[in-house]
Amino acid sequence: MDRRDFVKIGLAAGAVTSTSSALAKPAGASGILDAGVLEQQQMMEAGKLTSHSLTSQYLARIKTIDKAGPRINAIIEINPEALKIALDMDRERTLKRVRGPLHGIPVLLKDNIATGDRMSTTAGSLALAGVRAARDAHVTAQLRAAGAVIIGKTNLSEWANMRSTNSVSGWSARGGLTLNPYSLDRNCSGSSSGSGAAIAAGLATLAVGTETDGSIVSPASICGLVGIKPTLGLVSRSGIIPIAHSQDTAGPMARSVADAALMLAAMTGVDPQDPVTRESVGKVGDYRAALDKAGLKGARIGVARNFFGHQPELDAVIEKALLDLKAQGAVLIDTEIPNVGKYGDSETEVLLYEFKADLEAYLKEYAPNAPVSNMAEVIAFNRKHRQQELPYFGQEYLEQAQAKGGLETPAYKEALANNRRYARAEGIDQVMKEHQLDALVAPTGGPAWLTDFINGDHFTGSFSSPAAVAGYPHITVPAGYVHGLPVGLSFVGAAYSEASLIRMAYAYEQATRHRRAPQFPPSVSLAVR
């Protein structure tokens, strides 16, 4: 969700937004549209499916589910070149030039990821509406090189939810509100809300989200998906509208661990424009080989008990998940992550300082012709277009960021050092070393809350901050349901331990298979447990 209120659990309870109770209930995605990457590839290899046909079917489903029917509103823009790209991938296949597992696979990108094509890149802001990026983001280029068909952009919380202290996740001035496919009156969480809702609803095979703190794993958990927030530096951030370079990363959102792993493999790579990616050399794992059903045998897993206790029904789901981990051969050790209360405020400080500097750098390089060139001009644009941009909540975070000094400011450097000390050395590293752990687990967060434009978001628990502030990997996997609403189990590990986490997450997923497609109800029944 990428705003600091995520750390402050327990905002006011939400109220229902208007949704037609007479809305017809369409079936969830089925058949080939809900299939995984490898199954779709097998059908294309057998000549039973083409990328053009698959892309056409997803585009048709977007019309019937996203723009009509329940109107999920997850897609902010369709790529007008999608079908042409799919045809190109089909031609390459006939010539035996298959680039890899993502060849011809339809993919959605969050609308803060630059595409040097006919689509805009806006972070949901009207200040960037119609502004085309100067070139592809590195992650976009990596996916294109892997043969992925970029079929469109997904809606998001405007400016990745770093705009207001009282924001509503999943809303942007350009895209409106994205609805939760599991209950249309409930929130998808943010800021990768559109990516989460789209993949849950079967609008593409894969999507890319971005995270600063929680924005991949929270919407993935709430939308019944697998989300991977990689180690900082495993995936390039160049060409992604930023919040903060010390925590930002892109990552996959998918309906299975296997799909997320295959996508992650395609997204990695050293980028000269993002120096931190050089640290990944020699540390990128074989994520496909990590898809091992026996991956939990002998794994030492710490149960982060200080992230339980937010909701009894959520705890009950996760306690059952712990039994499933043990049944698959894992060794569980009850523990706590130390010092988690020592970097909440300093994390906010770092994000505000870096947001101001990083946004200006992005606009200069990727959107030089945009009507705004820095934070001050974005703030002024919003004030001028108050009716469209500020109808529900303000821009307090933008204003706070604008008031900060540069990255040479001692207060910024002290806050950053504090974050790294308590999230890394005296946080995750300490507990994992003390107990010789392979991973830490906890509930990703609570179920979806009722969307409320008066009181804002209402998060119930969060396990995102330790890994986010440390820059360490975090995977969420469907763990079950609370009143019919999905919740996830999180696996967190040391830097560049993605392969190990994928192995454990895959074994858990295959042993439990909790995910089920949404049915788009207007609301959920509290009688359903």
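**View 1. Phe307 and Phe463 are both buried, where buried means under 20% relative accessible area with a 1.4 Å probe and protein chains only.** This is a predicted model, in which local features need pLDDT of at least 70, side-chain atom pairs count only at pLDDT 80 or more, and totals for chains, interfaces and linings use all residues. Residues are numbered from 1 along each chain as its sequence is written, and side-chain values use heavy atoms, with hydrogens and water left out.

**View 2. Welcome to the aromatic pairs, of which the structure holds eight.** Rings of Phe, Tyr and Trp (its six-membered ring) pair if their centres lie within 6.5 Å; planes over 60 degrees apart count as edge-to-face, under 30 as stacked and the rest as tilted. Phe307 and Phe463 have ring centres 4.9 Å apart and planes at 65°, so this pair is edge-to-face.

**View 3. Trp449 meets Phe459 edge-to-face.** Their ring centres are 4.7 Å apart, with the planes at 80°. Both residues sit in the loop between β11 and α14, 10 residues apart; helices (H or I, at least four residues) and strands (E, at least two) are DSSP runs, numbered from the N terminus. Trp449 counts as buried at 5% relative accessibility, and Phe459 does too at 2%.

**View 4. Here is a cluster to look for: ring pairs link Trp171, Tyr392, Phe393 and Phe453.**

**View 5. Two arginines lie over ring faces.** A charge sits over a ring if NZ of Lys or CZ of Arg is within 6 Å of the ring centre and within 35 degrees of the ring normal. Arg305 covers the face of Phe308 at 4.7 Å from the ring centre, while Arg516 lies over Tyr481 at 3.7 Å.

Definitions and conventions. Buried means under 20% relative accessible area, exposed over 50%, partly exposed in between (1.4 Å probe, protein chains only).
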